[in-house]
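Dear colleague,

Please find below the sequence and structure that I am handing over to you. My notes on what was found follow directly after.

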Amino acid sequence: MIKLELPFPPSVNSAYANGGNKRGRHKTAQYIDWIRLASTKVKEGHRQGMGPYSLQICLERPDRRARDLGNYEKALSDFLVMHGIVKDDSYCRRLTMYWAENLPAPCIVIIQPAEEGLAA
């Protein structure tokens, strides 16, 4: 099991932009800054290149605005691949996301090997 305490991730809506000085779709400055900050929380022992895995994501709301919980998964999954924590996000066999309060960090991510044979 790997547990990461990360800063609050950008939503998929604010992680990428089109056009501007760059052609096509590209990462926004906000997303790049988040990657840099979150990368300081990854230790060498986390880079396991895990195959089939289960992912649990717990977020603490930064404010009272209504937010789409599902919009935060993509930045986190791509981050796990980028750092070699998982081989590829296509190996995710189960994903659980929820809002919570009083967390030790704005975003807690738990990655563990998939439990094969669980009933749906």
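Throughout this message, a residue is called buried under 20% relative accessible area, exposed over 50%, and partly exposed in between, using a 1.4 Å probe and protein chains only. Please note that this is a predicted model, in which local features need pLDDT of at least 70 and side-chain atom pairs count only at pLDDT 80 or more, while totals for chains, interfaces and linings use all residues. Residues are numbered from 1 along each chain as its sequence is written, and side-chain values use heavy atoms, with hydrogens and water left out.

Overall architecture

The protein chain contains 3 helices and 6 strands; these are DSSP runs numbered from the N terminus, helices being H or I with at least four residues and strands E with at least two. Read from the N terminus, the order of elements is β-α-β-β-α-β-α-β-β. The radius of gyration is 15 Å, close to the 14 Å of the globule rule for 120 residues, so the chain is as compact as a globular protein of that length. That radius is taken over C-alpha atoms, and the rule is 2.2 Å times the number of residues to the power 0.38. The C-alpha trace spans about 45 × 35 × 30 Å along its principal axes. Of the 120 residues, 38% are buried.

The sheet

Four strands form an open sheet in the order E1-E6-E4-E5, with mixed pairing; two strands pair if DSSP finds at least two bridges between them. Its edges are strand E1 (2-6) and strand E5 (92-100), each pairing on one side only. Strand E1 runs antiparallel to strand E6 (residues 107-113), and 5 bridges join the two. Within this pairing, Ile-2 has Ile-111 as its bridge partner, and Lys-3 stands opposite Ile-110. In a regular strand, side chains alternate between the two faces of the sheet. In E1, the covered face carries Ile-2, Leu-4 and Leu-6, whereas Lys-3 and Glu-5 belong to the uncovered one.

Two loop residues

Thr-28 lies in the loop between strand E3 (25-27) and helix H2 (29-39). Thr-28 is buried, at 15% relative accessible area. Residues up to four places away in sequence aside, Thr-28 touches Ser-14, Ala-15, Tyr-16 and Ala-17, where contact means heavy atoms within 4.5 Å.

Pro-62, in the loop between strand E4 (53-60) and helix H3 (73-82), is partly exposed at 47% relative accessibility. With neighbours within four places set aside, Pro-62 is in contact with Phe-8 and Arg-67. Pro-62 and Phe-8 are 54 residues apart along the chain, yet their C-alpha atoms are separated by 7.8 Å.

Salt bridges

The whole structure holds 7 salt bridges, each defined as a side-chain nitrogen of Lys or Arg within 4 Å of a carboxyl oxygen of Asp or Glu. One of them joins Glu-44 and Arg-47 at 3.4 Å, N to O; Glu-44 is exposed at 62%, while Arg-47 is partly exposed at 35%. Another links Asp-89 to Lys-74 at 3.1 Å, N to O. This pair connects distant parts of the chain, with Asp-89 in the loop between H3 and E5 and Lys-74 in helix H3, 15 residues apart. Finally, Asp-63 and Arg-65 form a salt bridge whose closest N and O atoms are 3.2 Å apart, and salt bridges with shared partners join Asp-63, Arg-65 and Arg-67 into one network.

With kind regards
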